[in-house]
Amino acid sequence: MYRTDIARPIRLTDYRAPDFAIPETQLAFDLHPTQTRVRATYRIERRGATDAPLVLLGERLSLKALRLDGVELTPDAYTLSPECLTIPGVPDRFTLEVEVEINPQENKTLEGLYMSSGRYCTQCEAEGFRKIVYFPDRPDVLSKYTVRLRAPKAGFPRLLSNGNLIESGDDANTHYAVWEDPFPKPAYLFALVAGELDVLEDHFITMSGRTVALKIFVDPGMSARAAYAMDALKRSMRWDEETYGREYDLDLFMIVAVRDFNFGAMENKGLNIFNASLLLADAQTATDLDYERIESVVAHEYFHNWSGNRVTCRDWFQLCLKEGLTVFRDQSFSGDQRGHAVQRIKDVKMLRARQFPEDAGPLAHPVRPAAYLKIDNFYTATIYEKGAEIVGMLKTVGGADTYRRALDHYFDTHDGTAATLEDFLSSFEAVTGQDFSPWLKWYVQAGTPTLTIKATYDAAAQRLTLNVSQITPPTPSQAHKAPVPIPVRLGLLSEAGAPLRFVHAGESVTEALFLLTEANTQWVLEGVTQTPVISALRGFSAPVKLTLDEPEAHRFARFRGDPDPFNRWEAAQSLAKALILDPQGAAAAYAEALRATLTDPTLDAAFKALISGLPTEMDLAQSLTPVDPAFIHARRKAFKAELAAALKADAEALYAALPAEATFSPDAASAGRRALRNALLDLIVAADAPAATALAQTHYHKASNMTDQMSGLSALSQVHGTAYQDALDDFYARFKSEPLVLDKWFAVQAACAHRETLTRVRALVTHPDFDRKVPNRWRSVAQAFAANNPAIFHDVSGEGYAFIADEILSVDRFNPMTAARLIEAFGGFKRYAEPHRSLMQAALERIVATEGLSKNVGELAGKALAG
């Protein structure tokens, strides 16, 4: 039984460099479903204390042989425990041969080497390599790998690993392939795939004129659905050359799609492994959101070739060094591909939906945590999204040219090494001569700062005085917070919404960048000719919560005409939150402002679609204490119905003017038009007119692509009743043989905010097509219900909490990493009104009290319970 109360945390302060380096690693795999033999040969050099023993990590391995410089070691020459192989008295330089046996078929954790749909596959980040063979499985042990794979020809025609293929051959029944990766890498980047796969092939000519072969391996018959991913890959490669000057370094770049995967994708050097849901797409099976995510994730994993692979992280505490930086890079790429204004809004929506609640709850942790029990639990929005925001602030403050020079310095200086955040910041210091150490506070402090701006306008002096302050609330283990650098991009508008000029640094401007570094300061703007509307934090220039003391009319002014698209959207969201949470809030004025926005010909469709969406119930919960889910749901539904009624004629006219396109294209403009049309359908249905059901049915049945079909199905889920069930039956009949599409069928039902959904989700987990061992399928029910259906998840009966607790415990028995991610559904339970608080607490207590609980679930559930 695992005891969370005696688990020993790993602490950053305890870090010490490895005692041994392993410059070269040779691996040989004889692949077998239940008895795979792995032979490892290491060239090892002592780098630490002369009396330090060699400690290799391993889990669930059967040791078959151990030789040091060719001499077999007897059991009395080493110590073997369930997690370590320790060899004392080793020389300073030697060769070690290790042979183990493993059982991929029974490995349901989906870490290390496992089988997915009859194929061999690996996932080694963060600590999966130790489930393949004994090794000092830590990111600061970099080695050059040569890998030999042997398997039967029948069933396993593809034998893939990292790097370049240097040899292959066969005999009567088996064949082999030898792969060499010339670049030193940590073990977490090792990859292996073997099985039957179709391939889509292309090539890319680098900026230096080299030709790189590109191959995407997929399920047989699915290669056509990899075409968009291939296009995204080629655009990513060109973008990284043009924007960062980074060229790909191998002769071959491969991607493999697998069905069973705990993550979205993995950046293994030269052999990226993807969850199939983030790689395969065509108009009939994938939505515009799927296309966007494929484009983004393909770019993200490719960009890791430099920000993560060529320069990796010294230890797992520096995880954000590769992930935060790479997320910022992929967000920038997506902005260039799809429009920066719309992309920025989408990125901030995700940040606020996932990271802000994390920062405000019991699971809050710094971007660089100080300690952990299981590093798997720190693959969080804080590491990724908040980490990206810090990089964005550094670029904002330094400017594009300084940022590029700093990144060139970072990549060139630390190429082939395992770096730290201090190394990253020192590159900015090297190219500017300035002190960047204050930015480290963003990495080591948890919590979201609140930025407060109070304005005083002197009409006679034409002077605007802004009193600016910041405070970061206490979080677990961090009661007191120091001020952090906060870049504030700020402009002024007239009360009619037109840009206003002011004097900054001796120049007349309409926008300026200020940097808040203290707890309190004052900014004085001269030459302000009339009472201004303040447009602060433009482009969301810092990941903070803004409190602005201003009349409601000023928010409406920004809603109607702020030239900064983010602040225009932000004003709409802020107004909607205030009106929804006010029991007396009315939609009339808001509807008028939204009407003006929807009919503005200068705005693109994608932006209109975003601004027409109301804050989610989870957004609203962040602004209410104690949280009353039933009140939030009722108020949002009523406000949306009132808004829809006020805009009914306009929405119907605009919807009619946007007919479904005869030919599908995934480009940004086409996706934007579909997004607006589908947002209008959602609004029309909310008006609850009888004709809306017929419109939703027509929208669903006449859809020529999955985006519109899912929009129609979602609209019918709001209507519910016979029309909804008929559409569900039709959808299942069409797509029951398409696993990725069927996930959508499960998810739309789990997210339906109807009282019968509790009964439905319990039935869904007994459906013949439901399988908890397939992470995508499990998430399509459990996560969709817990994260996307707050009204029913928080039902006062407590049945929603019981259902999710049951699911966490069921999956924890074989896949702790996936199970633990659902604990966040209970995070911050102390903020909820009764009976929710007590019921959520009881669910957590039941989880923590369960015998045999994994470290993953135990750590997060314990933190959530401690609150």
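**Helix pairs and their surroundings**

The protein chain has 27 helices and 34 strands. The model is a predicted one. The overall dimensions come before the details. With 867 residues, a compact globule would have a radius of gyration near 29 Å, and the 28 Å of the protein chain agrees with that. Along the principal axes, the C-alpha atoms fill a box of roughly 90 × 65 × 60 Å.

Now the helix pairs. Two packed helices are described by the angle between their axes and by the distance between those axes.

Take α16 and α17. Helix α16 covers residues 668-686, and helix α17 covers residues 690-701. Their axes come within 9 Å. They cross at roughly 150°. The cut-off for roughly antiparallel is over 145 degrees. The two helices, α16 and α17, are therefore roughly antiparallel to each other. The crossing of α16 past α17 is left-handed. On the α16 side, the contact uses R677, N678, L681, I684 and V685. On the α17 side, A692, L695, A696 and H699 meet them. By class, the residues of this contact are six nonpolar, two polar and one charged.

Next, α19 and α20. Helix α19 spans residues 721-735, and helix α20 spans residues 739-750. They pack at an angle of about 160°, and their axes are 9 Å apart. That makes α19 roughly antiparallel to α20. Here too there is a handedness to note: α19 passes α20 in a left-handed crossing. From α19 come Y724, L728, F731, Y732 and F735. From α20 come V741, L742, W745, V748 and Q749. The contact of α19 with α20 has nine nonpolar residues, one polar residue and no charged residues.

Then α9 and α10. Helix α9 holds residues 552-561, and helix α10 holds residues 565-581. Their axes come within 7 Å and cross at roughly 135°. That makes α9 oblique to α10. The crossing of α9 past α10 is left-handed. The α9 side of the contact is E552, R555, F556, R558, F559, R560 and G561. The α10 side is N567, R568, A571, A572, S574, L575, A578 and L579. By class, the contact of α9 with α10 has seven nonpolar, three polar and five charged residues.

A helix can also lie on a sheet. Helix α2, residues 288-303, lies across β19 (252-258), β20 and β21. It runs at about 150° to β21.

That sheet is open and has five strands, in the order β17-β18-β19-β21-β20. Its pairing is mixed. The edge strands are β17 (198-205) and β20 (265-266), and each pairs on one side only. A265 has F274 in β21 as its bridge partner. L200 stands opposite I216 in β18. The strands β17 and β18 form a hairpin, with five residues between them. G209 sits in the turn and has a positive phi of about 95°.

There is another open sheet, with three strands in the order β4-β8-β7 and antiparallel pairing. The strands β4 (54-57) and β7 (79-80) stand at the edges, each with a single partner strand, so one side of each is left without a neighbour in the sheet. β4 pairs with strand β8, residues 84-87, in the antiparallel sense over four bridges. L54 has I87 in β8 as its bridge partner.

Most residues other than glycine have a negative phi, and most peptide bonds are trans. S117 has a positive phi of about 55°, although it is not a glycine. The place of S117 is the loop between β10 (112-116) and β11. The peptide bond from E125 to A126 is cis, with omega near 5°. A126 is found in the loop between β11 (119-123) and β12 (143-152). A cis peptide bond also runs from E834 to P835, with omega near 10°. P835 lies in the loop between α25 (816-820) and α26 (836-848).

Methods: Residues numbered from 1 in each chain as written. Predicted model: local features only at pLDDT ≥ 70, side-chain atom pairs only at ≥ 80, totals over all residues. Heavy atoms only, no water. Axes fitted to C-alpha atoms, helices over the stretch in contact; angles between N-to-C directions. Parallel < 35°, antiparallel > 145°, perpendicular 65-115°, else oblique. Left-handed = near helix turned anticlockwise from the far one by under 90°. Contact = heavy atoms within 4.5 Å. Nonpolar A, V, L, I, M, F, W, Y, C, P; charged D, E, K, R; others polar. Pairing = 2+ DSSP bridges. Rg over C-alpha atoms; globule rule 2.2 N^0.38 Å.
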